[in-house]
Amino acid sequence: MQQITEQPEIDFRSEKYKDAYSRINAIVIEGEQEAYDNYIQLAQMLPEHQEQLIRLSKMESRHKKGFEACGRNLQVVPDLQFAKEFFLGLHSNFQKAAAEGKVVTCLLIQSLIIECFAIAAYNIYIPVADDFARKITEGVVKDEYSHLNFGEVWLKENFVEAKTELEEANRQNLPIVWKMLNQVADDAQILAMEKDALVEDFMIQYGEALSNIGFSTRDIMRLSAYGLTAA
């Protein structure tokens, strides 16, 4: 018999909730915009996969519209300036890698780090979301797994050549994720999203992705430890 976990009562219309939501909602909107832009750039870098990557970018655009509707439903104006600054580290690293033609680094940032970050956040958010946002987010998270899968498949097929660059890209970008999680912890708590649960879910998703690509368990433990440098 399945045990039903009782969720805490949340006042979705309280000023405290709406204030925190203005930043969390902005982060997911900006995250989907970043993903849209990144997949468009990846389509130019990987012309043989252009059709698939353009399709993924269009899905991200739809997700963004869905999350904008979630904000409107609660009469919240998203703090997009905060969100742009929140993503600045990963954004800058992606743009630098793209300018240098580093497809592997770009795929690690977008298809692994950003997608795993999104999946973890959505998994933790769904049980505590308002009814409108829950339906939107449940639809989105199914799509995100297909985005994660694209990066996994490409990197697995090119693992031998990509391994060294993947390790370097992980070393540069995983600490940024920890800073992001710390930065959002207080607002997430107000939305009944525990930071420890977010970290755990992210590390599970990210570890599984690294395993699917070809890294050993020992490698994954070593690569994951880079995140702790920003804890």
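Predicted model: local features only at pLDDT ≥ 70, side-chain atom pairs only at ≥ 80, totals over all residues.

A: A search of the whole structure returns 9 aromatic pairs. In the pair F67 and Y122, the ring centres are 5.3 Å apart and the planes meet at 35°, so the pair is classed as tilted. The reasoning is that planes under 30 degrees apart would count as stacked and planes over 60 as edge-to-face, and the rest are tilted. This pair links distant parts of the chain, with F67 in helix α2 (residues 50-73) and Y122 in helix α5 (residues 103-125), 55 residues apart.

F82 and F86 make a pair of another class: their ring centres are 6.1 Å apart and their planes are at 25°, so the pair is stacked. F82 and F86 are both in helix α3 (residues 80-86), and because they are 4 residues apart, about one helical turn separates them. F82 has 16% relative accessibility and therefore counts as buried, the cut-off being under 20%. F86 is also buried, with a relative accessible area of 3%. One aromatic cluster is formed by F82, F86, F87 and F117.

The backbone comes next. Most residues other than glycine have a negative phi. Q75 is not a glycine, yet its phi is positive, about 55°. Q75 is in the loop between α2 and α3, that is, between the helix that holds F67 and the helix that holds F82 and F86. Its relative accessibility is 63%, so Q75 counts as exposed; the cut-off for that class is over 50%.

A192 is also a non-glycine residue with a positive phi, in this case about 70°. The loop between α7 (159-190) and α8 (195-213) contains A192. With 24% relative accessibility, A192 counts as partly exposed, because that class lies between the buried and exposed cut-offs.

At 1.5 Å a residue, a straight helix of 32 residues would span 46 Å, but α7 spans only 41 Å between its end C-alpha atoms. α7 also has a kink of about 50°, centred on V184.

How values were computed:
Residues numbered from 1 in each chain as written. Heavy atoms only, no water. Phe/Tyr/Trp six-rings, centres within 6.5 Å; stacked < 30°, edge-to-face > 60°. Helix = DSSP H or I, 4+ residues; strand = E, 2+ residues; numbered from the N terminus. Buried < 20%, exposed > 50% of the residue type's maximum accessible area, 1.4 Å probe, protein only. Expected span 1.5 Å × (residues − 1). Bend = angle between axes of the 7 residues up to and from the residue.
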